[in-house]
Amino acid sequence: MSTFEAMRSEPLKSIPETFAGVDVFITGGSGFMGKVLIEKLLRSCPDIGQVFVLLREKKGKSSGERVQELVKIPLFDKIRETHPDSIQKIVPIPGDCSLLKMGLNEDSQEKLKDVQFVFHAAASVRFDDPLCKAILLNTRGTREVFRWAKTLKNLRALVHISTTYCNPEIFDIEERIYPAKMDWQKAIEIAERMEPEVVETLSQKLTGFSPNTYTFTKGLAEQICYDYQQELPVVIFRPSIVTNAEREPLPGWIDNFNGPTGLLVGMGTGVVRSGCIKLNNHINCIPVDVSIKAIIIAAWKRANSVQSLPLTIYNSAAEVHKTADYRFLVRDGEDLYYKTPATQMLWFPGGLNAPFKLLYYVLFFFFQIIPSMILDALLKLSGRKPMLLRLQRRIFDATISLMYFTENEWVFKTDNFRALQSELLEQDRETFDINYITNGLSTYFAVCIIGARRYLFKEKDDTIPAAKKKMRRLMWIHGTIKYAFFLFIGYMIFSKFFLPVA
């Protein structure tokens with residue numbers, strides 16, 4: 001029996017029993033983690049009440065239409081097969097966290113009055129968002145969720161999903177709140193009253209020269225959690241870099257190119273041919289299915305606590321021995337995408353890593369800009385839309401914005417996070433097991449590559465043989481051009497210095 005169980009005078013309900021007949025509310029439900037959270041709750045807590053998902057209108061589609069699209073993705077295949085009626089429990093709520101009162105109308109507020117669990121995952125994860133926009137969504141949005149949560153009479157747990165990098169200037173992160181860089185109320189007031197352009201000119205000074213607006217505004221949001229801890233049953237959950245699912249519901253499932261996925265896919269398709277990273281630095285990744293199960297356990301634990309608890313923080317991060325360094329990704333990644341290449345490969349994989357920025361700019365220009373200009377010209381001549389230069393612009397911007405994180409390395413204390421496993425009831429241990437990277441890093445990233453083929457490129461596994469043939473053909477072309485280039489340079493040097501002048 002765990003210490004958590006021993007504190008109770010009555011039998012502790014399992015996770016599915018705790019969520020049975022209970023309504024939950026989720027912000028950020030269309031995001032990477034939000035989708036997996038919805039799926040896991042529906043699949044593993046089949047008697048759950050209604051799952052309310054806050055969604056804004058986007059690209060002319062209503063919140064209802066967006067939910068209909070959401071449940072058609074492969075992530076929900078298993079639910080459609082085993083519990084098709086559960087899909088009907090997803091209830092779209094029109095709204096937007098960047099608006100006051102989340103943009104909720106009276107009808108929506110009435111629907112939500114019996115909610116017992118709130119998962120606040122909405123945030124802009126763009127590093128280059130203007131400061132005003134980031135404050136209104138990431139910081140004020142959190143305040144609006146908390147203000148609304150105070151109206152819920154039966155609220156049992158509010159999980160605020162933060163990030164382990166909300167204090168990026170500290171490299172040894174404990175599971176505690178760190179001093180604020182700025183008063184969150186003052187930050188919201190500035191964003192509401194000042195012109196966005198004026199705020200942007202002051203952004204470096206206001207943020208204390210934070211690496212980006214995302215980490216700064218997520219740090220402010222944690223201060224809101226701290227100030228509301230006596231009024232709400234809140235916990236802070238900090239994931240590190242969230243990567244593809246390790247086991248469930250689909251091994252390798254991913255819907256973005258963030259983190260090591262982007263690096264592996266970029267190198268594997270021949271699009272990324274230069275970099276500026278410290279190869280010995282480790283990148284801390286946590287599988288999305290592991291993080292989501294831990295979020296649900298944290299909510300269950302907070303809801304079943306018999307006494308008022310201090311604000312609990314969970315660093316959902318990998319232990320050092322389960323993290324890969326960039327050298328590992330570059331070296332082993334090469335073997336992995338040789339085994340399962342993508343048919344959308346543009347060139348044979350390869351390239352160089354620069355030890356300093358200036359050299360990176362040179363390599364990027366010659367290895368990525370010039371080839372992209374040539375290929376875009378060929379696409380235009382063939383009547384197709386050129387797109388490689390635009391893609392390289394995005395890659396360059398992403399590389400620069402991430403440079404602070406590739407140049408530095410963090411260690412995260414995870415005592416609270418790891419303790420969640422031991423506090424599970426016996427009947428929940430299999431369904432909510434949060435052991436991770438159980439078969440080694442190479443196996444995990446092999447699944448990552450396959451997942452990228454299946455879910456990002458929409459390529460079937462039976463196309464792998466054709467992709468291997470294409471890779472061999474590109475290897476021959478690449479080698480021919482490379483050796484022809486060196487022969488030409490050699491000839492020019494020889495003719496310049498060794499052939500007699502006529």
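Quick housekeeping. What you're looking at is a predicted model, where local features need pLDDT of at least 70 and side-chain atom pairs count only at pLDDT 80 or more, while totals for chains, interfaces and linings use all residues. Residues are numbered from 1 along each chain as its sequence is written, and side-chain values use heavy atoms, with hydrogens and water left out.

Back to Lys 111. Its salt-bridge partner is Asp 107, with the closest N and O atoms 3.9 Å apart. By salt bridge I mean a side-chain nitrogen of Lys or Arg within 4 Å of a carboxyl oxygen of Asp or Glu. Both residues sit in helix α6 (residues 106–111), four residues apart, which is about one turn of the helix. Helices (H or I, at least four residues) and strands (E, at least two) are DSSP runs, numbered from the N terminus.

How many salt bridges does the rule count in all? The count comes to 32. Here's another: Asp 128 pairs with Arg 126, closest N and O atoms 3.1 Å apart. Asp 128 is exposed at 53% relative accessibility, and Arg 126 is partly exposed at 49%.

Now look at Glu 222 and Arg 238: their side chains meet in a salt bridge at 2.8 Å, N to O. This pair links distant parts of the chain, with Glu 222 in helix α11 (residues 213–228) and Arg 238 in strand β7 (residues 234–239), 16 residues apart. Are they buried or exposed? Both Glu 222 and Arg 238 are buried. There's also a network of salt bridges linking Glu 39, Lys 40, Arg 43, Glu 248 and Lys 293.

Let's zoom out to the domains. The assignment gives domain 1 (15–254 + 284–322 + 411–432) and domain 2 (255–283 + 323–410 + 433–501); the bounds come from an automatic or database domain assignment. Taken over C-alpha atoms, their centres are 33 Å apart. Domain 1 puts 48 residues into the contact and domain 2 puts in 32, where contact means heavy atoms within 4.5 Å.

The size of an interface is often given as the accessible area lost when the parts come together. Here the two domains bury about 3,300 Å² between them, 60% of it on carbon and sulfur atoms. That buried area is the accessible area (1.4 Å probe) that two parts lose on being put together, summed over both. Of the area that domain 1 buries against domain 2, Glu 246, Ile 254 and Lys 322 supply 22%, more than any other three residues.

Across that interface the rule finds two salt bridges. On the domain 1 side, the elements that give two or more residues are α3 (32–44), β8 (241–243), β11 (285–287), α13, β15 (411–412) and α17 (415–422). Which of them gives the largest share? That's α13, with four residues.

Helix α13 comes up again inside the protein. In the largest nonpolar core, which has 83 residues, Ile 15, Phe 19, Leu 41, Phe 117, Phe 119, Phe 417 and Phe 445 touch the most other members. Helix α13 (residues 288–303) gives the most to this core, eleven residues. Why does the core lie between the domains? Because domain 1 and domain 2 both give residues to it. For the record, a nonpolar core is a set of buried Ala, Val, Leu, Ile, Met, Phe, Trp, Tyr and Cys residues joined through side-chain atoms within 4.5 Å.

Take Leu 41: leaving out residues up to four places away in sequence, it touches Phe 19, Val 24, Ile 26, Pro 46, Ile 48, Phe 119 and Ile 296. Apart from this core lies another one, of 41 residues, including Leu 54, Ile 93, Leu 158 and Tyr 228.

Last stop, Ala 157, in strand β5 (residues 157–161). Ala 157 is buried at 1% relative accessible area.

Key:
Buried means under 20% relative accessible area, exposed over 50%, partly exposed in between (1.4 Å probe, protein chains only).
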